[in-house]
Amino acid sequence: MISRTEKEFEMNEGNAALAISALKDLLGDRLSTGESIREIHGRDEAYSEPALPDAVAFPESTQEVSQIMKICSQNQVPVVPFGIGTSLEGHIIPIHGGISVDTSRMNKVIQIHESDLDAVVQPGVSRMQLNDELRATGLMFTVDPGADATIGGMTATRASGTNTVRYGTMRENVLALEVVLPDGTIINTGSRARKSSSGYDLTHLFVGSEGTLGIITEITVRLFGQPDAILAATCAYETVDDAVNSVIMAIQMGLPLARVELLDEMQMKGMNIFNPDLNLPEKPHLFLEFHGSNASVKEQVELFESIGEEFGVSGFEWATKVEDRNRLWTARHNAYYAGKSLRKGCDSVVTDCCVPISALADCIARTKELIDQAGLIAPIVGHVGDGNFHLLILFDPNDPSELVRAKSLASDVNRVALSFGGTVTGEHGVGTGKKIYMLEEHGDAYALMATLKRAIDPENIMNPGKIVEVN
């Protein structure tokens with residue numbers, strides 16, 4: 001069987017009508033062709049051109065997902081999985097039409113194994129929902145991308161976030177999966193065991209596959225114990241280099257930072273505009289958090305303060321109360337809106353990249369030079385502990401030339417990251433937005449990705465046009 005290429009991908013309207021009719025019989029009013037519902041499922045939170053699906057399906061079980069896939073496979077109709085719509089690179093936009101499969105009704109926490117520190121959840125469970133159910137157990141799910149994303153979407157995009165420096169990304173926190181393949185076959189990958197030498201690592205093939213290989217219908221995730229003590233802080237530096245270098249030294253000394261976020265001086269200006277009560281100096285800042293016992297947290301804080309002093313740190317502000325910590329991290333999670341407050345009526349191009357930590361200061365310095373050359377406002381936020389940073393490039397939506405410059409700046413920054421031995425995305429994923437860089441980053445390995453895609457999805461119906469080019 002030969003896969004359809006992107007150029008050949010033309011869905012037969014008759015086939016779409018047949019699929020929609022069959023899906024209506026299966027799902028009833030949980031299959032929607034209403035324009036408002038289709039519009040919600042035709043865009044994400046990034047600056048990506050919208051495209052409407054032909055219909056939106058709302059399954060409630062793995063078996064229903066399997067039946068949906070069988071119907072779409074038989075009719076060669078594209079399928080695009082949808083979580084909650086917080087992705088940033090066009091992952092969920094159905095650029096070839098077809099059926100958007102919304103997993104929001106598959107939102108049960110199936111099992112919590114307290115002794116084994118894991119939980120089994122359906123894909124529509126959000127990270128905050130899971131942590132609410134875990135609160136009484138003394139356990140927590142640690143991957144925190146900021147948005148209250150679904151666990152299924154986080155798995156599909158290999159999400160990470162502010163806790164990554166200590167607890168890892170979804171790659172490290174997914175133990176096993178249930179997946180429905182393009183032909184409707186249901187498979188299980190991995191197990192609840194903490195390690196295995198049994199066969200190919202299929203679990204992590206699907207983690208980060210962005211819906212191009214199948215639909216994830218069940219996830220077993222790793223949990224951690226809630227720490228006895230948590231202490232958060234903000235501190236200021238004169239330069240981004242000083243802030244980054246203090247973190248590098250802390251990591252090299254084995255300091256177990258739980259969270260460490262970099263915000264440059266432009267981002268801090270936006271933070272103060274958006275959060276008037278924050279009132280922090282408009283200098284590069286680190287937002288920090290330490291976890292552990294009372295004694296160990298005290299030691300971590302003292303060690304970091306001594307490291308910071310070597311790099312001219314100032315303005316330490318500590319937050320021990322829950323409400324103060326929540327205020328701090330809410331402000332950080334709202335950095336997107338804070339950045340946009342720097343320019344009224346603006347739109348934005350968002351990008352991210354990731355480099356070895358030792359190259360981070362130089363990469364950001366080069367990025368700032370590119371921002372100045374572009375003549376645009378582009379605040380920087382970074383998960384500095386793992387070398388990942390984000391750029392919010394603001395532009396006037398009524399000035400086409402500014403959009404061109406914004407996209408050009410994003411492209412230049414991604415290529416700078418590659419020149420430092422990094423990757424064009426540490427967190428946002430590929431989707432359609434970063435597909436153009438994949439060959440440059442992966443070389444001959446990119447062709448192998450297409451081979452895997454063809455083997456699993458020979459009809460190219462799973463989220464076609466994303467990540468790989470099928471020839």
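**View 1. Strands β6 and β10 side by side.** Strand β6 (residues 118-121) runs antiparallel to strand β10 (residues 215-222), and 4 bridges link the pair. Val120 has Thr220 in β10 as its bridge partner. Strands here are DSSP E runs of at least two residues, helices are H or I runs of at least four, and both are numbered from the N terminus. Two strands count as paired if DSSP finds at least two bridges between them. A word on the model: it is predicted, so local features need pLDDT of at least 70 and side-chain atom pairs count only at pLDDT 80 or more, while totals for chains, interfaces and linings use all residues. Residues are numbered from 1 along each chain as its sequence is written, and side-chain values use heavy atoms, with hydrogens and water left out.

View 2. Stepping back, 5 strands make an open, antiparallel sheet in the order β5-β6-β10-β8-β9. Its edge strands, β5 (109-113) and β9 (186-190), each pair on one side only. On average, neighbouring strands are turned by 15 degrees against each other, direction ignored. Helix α3 (residues 62-74) lies across β8 (174-180), β9 and β10, at about 50 degrees to β8. Helix α4 (residues 127-134) also packs on the sheet, touching β5, β6 and β10, and its direction makes about 45 degrees with that of β5. Axes are lines fitted to C-alpha atoms, for helices over the stretch in contact, and angles run from 0 to 180 degrees between N-to-C directions. Contact means heavy atoms within 4.5 Å.

View 3. Look for Asn75 in the loop between α3 and β3. Is Asn75 buried or exposed? Asn75 counts as buried because its relative accessibility is 12%, where buried means under 20% relative accessible area, exposed over 50% and partly exposed in between (1.4 Å probe, protein chains only). Leaving aside residues up to four places away in sequence, Asn75 touches Asn15, Leu18 and Ala19.

**View 4. The four-stranded sheet.** Here 4 strands form an open sheet in the order β1-β2-β4-β3, with mixed pairing. The edge strands are β1 (31-32) and β3 (79-82), each pairing on one side only. Strand β2 (residues 55-57) runs parallel to strand β4 (residues 99-102) over 3 bridges, and Ala57 has Val101 in β4 as its bridge partner.
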